[in-house]
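Hi,

Here is the structure I promised to pass on. Have a look at it first, and my notes follow below.

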Amino acid sequence: MILTSLLSIMLCFFVFLHNYNPNVQIFVISHNHYLTQAVTILMLDAFCLSSKLLQTFTGHNFCVNNIDYSRFDDNQYICSGSYDNTVRVWDVKNNKQIQLFNGHLGYVYCVKFSPYHYYNHCNTVICSSSSDNTIRFWDIKDNRQLQIFSGHADGICGIDLSSFNYGHYLCSGSFDTTIRLWDVETSKSLHVFKGHENSVWCVDFSPVKSNSDNNDNKSNIIGVIGGNGYTICSGSKDKTIRIWDIETVKPVVVFKGHEHWIRSAKYGSNKLGICGGENTILSGSWDKSIRLWDIRSGQQIQVFNGHTHWVAAVEYSPFVVDNIEFGSSSNVICSGSWDNSIRFWDIRSNKKELHAINGDEDDDGIICLKFIQLKRKRKGNNARSYIKLCYGSGNGPIRIWG
């Protein structure tokens, strides 16, 4: 037993020396006295002390409503949608725009990389929603439109692709007050969710349900849409957030508390170690507040105040912060606002923000956020991942901090 413990300590020290980086802390997790794995935890303080503006992408000449990030093979891409009616694709490594899609006839509100097309057809495809009442799919390599979804009676704001079935399903929220569920393969509308009393700004699929006994990722596949208890979250101009059962097409929880439009609402994720994981909803509103909700109790957990203008985006972050008050590390969320700041908050405390990043004076607001994991080559051709923060601004530039 003593020998095992000594070997565990030595291995831990070796892992620490091999992976040392001032931006992370390393914790060793043991079970039954045996070393099982080393986990890197990103510390917010280190990020705040060392972060700076790294890259700027210019091309949009109006507000960037949404961004998404993905790695395909050895390539790293950002896509963006803007009030200038365009969808653009950016090569992160080479810091340049590589594609422009201008087929939409109105504002582009949301963009997403399509996992369905990548896993099933090895194509790099983006889907986008617009005030022209359509959702369109774009093939980056062939520079062409693949599909178009029509069915909503008004502009389409938020869209999301299912965490299950590798993005086989898409949900959309519209100014027509409805949410629709689509089959990406057939382009057919499967369900219409009715209940909101005003425009639906944002939608989000519940995350893949964890299954510790299933290591082949079969839990990502369900046979019938609506199976396995998956839900959709939506935020609306009617000041409510609703959780919808996909199978019954009915709201199961309605959150009330915001005093203005809800602009951003997202499920938590067990992958980030968020307290409560998939049982939490994070929201940002035109009432300048950020709120955290418990799905199980239907109650508000926390409210965060400090922004001086509308909150346009909220994100769960991969960072933690040492908190003496709680005696352990606690999770961190962040928000972007038209006050031109990004603010970080302790998920367990509604006190003043932990840290703030001010946008460039030309940005005119932080409209969307995305944490991205960049890979950089080191000596010996070894790749190392770095967490960065990307945001889209009110005047068009897209910037990466880290």
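Thr240 stands opposite Lys256 in β19. The two strands involved, β18 (residues 240-245) and β19 (residues 250-256), run antiparallel and are joined by six bridges; strands here, like helices, are DSSP runs numbered from the N terminus (E, at least two residues, for strands; H or I, at least four, for helices), and two strands pair if DSSP finds at least two bridges between them. Four residues separate β18 from β19 in this hairpin, and Val249 in the turn has a positive phi of about 60°.

Before you go further: this is a predicted model, so local features need pLDDT of at least 70 and side-chain atom pairs count only at pLDDT 80 or more, while totals for chains, interfaces and linings use all residues. Residues are numbered from 1 along each chain as its sequence is written, and side-chain values use heavy atoms, with hydrogens and water left out.

Overall, the protein has three helices and 30 strands. Of its 402 residues, 53% count as buried, meaning under 20% relative accessible area with a 1.4 Å probe, protein chains only.

Now the inside. The largest nonpolar core has 18 residues, and Phe319, Ile342, Phe344, Leu369, Phe371 and Leu389 have the most contacts inside it. By nonpolar core I mean buried Ala, Val, Leu, Ile, Met, Phe, Trp, Tyr and Cys residues joined through side-chain atoms within 4.5 Å. Elements that each supply at least two residues of this core include α2 (44-50), β24 (311-323) and β28 (366-377). Leaving aside neighbours within four places in sequence, Ile342 touches, among others, Cys334, His355, Ile366, Leu369, Leu389 and Tyr391. There is also a second, separate core of 16 residues, which includes Cys157, Phe175, Trp201 and Ile243.

One more sheet to look at: an open one of four strands, ordered β20-β21-β22-β23 with antiparallel pairing. Its edge strands, β20 (262-267) and β23 (299-304), each pair on one side only. The twist averages 20° from one strand to the next, using lines fitted to C-alpha atoms as axes and angles from 0 to 180 degrees between N-to-C directions. Five bridges join β22 (residues 290-294) to β23, and Trp293 has Gln300 as its bridge partner in β23.

Cheers

Definitions and conventions
Buried < 20%, exposed > 50% of the residue type's maximum accessible area, 1.4 Å probe, protein only. Contact = heavy atoms within 4.5 Å.
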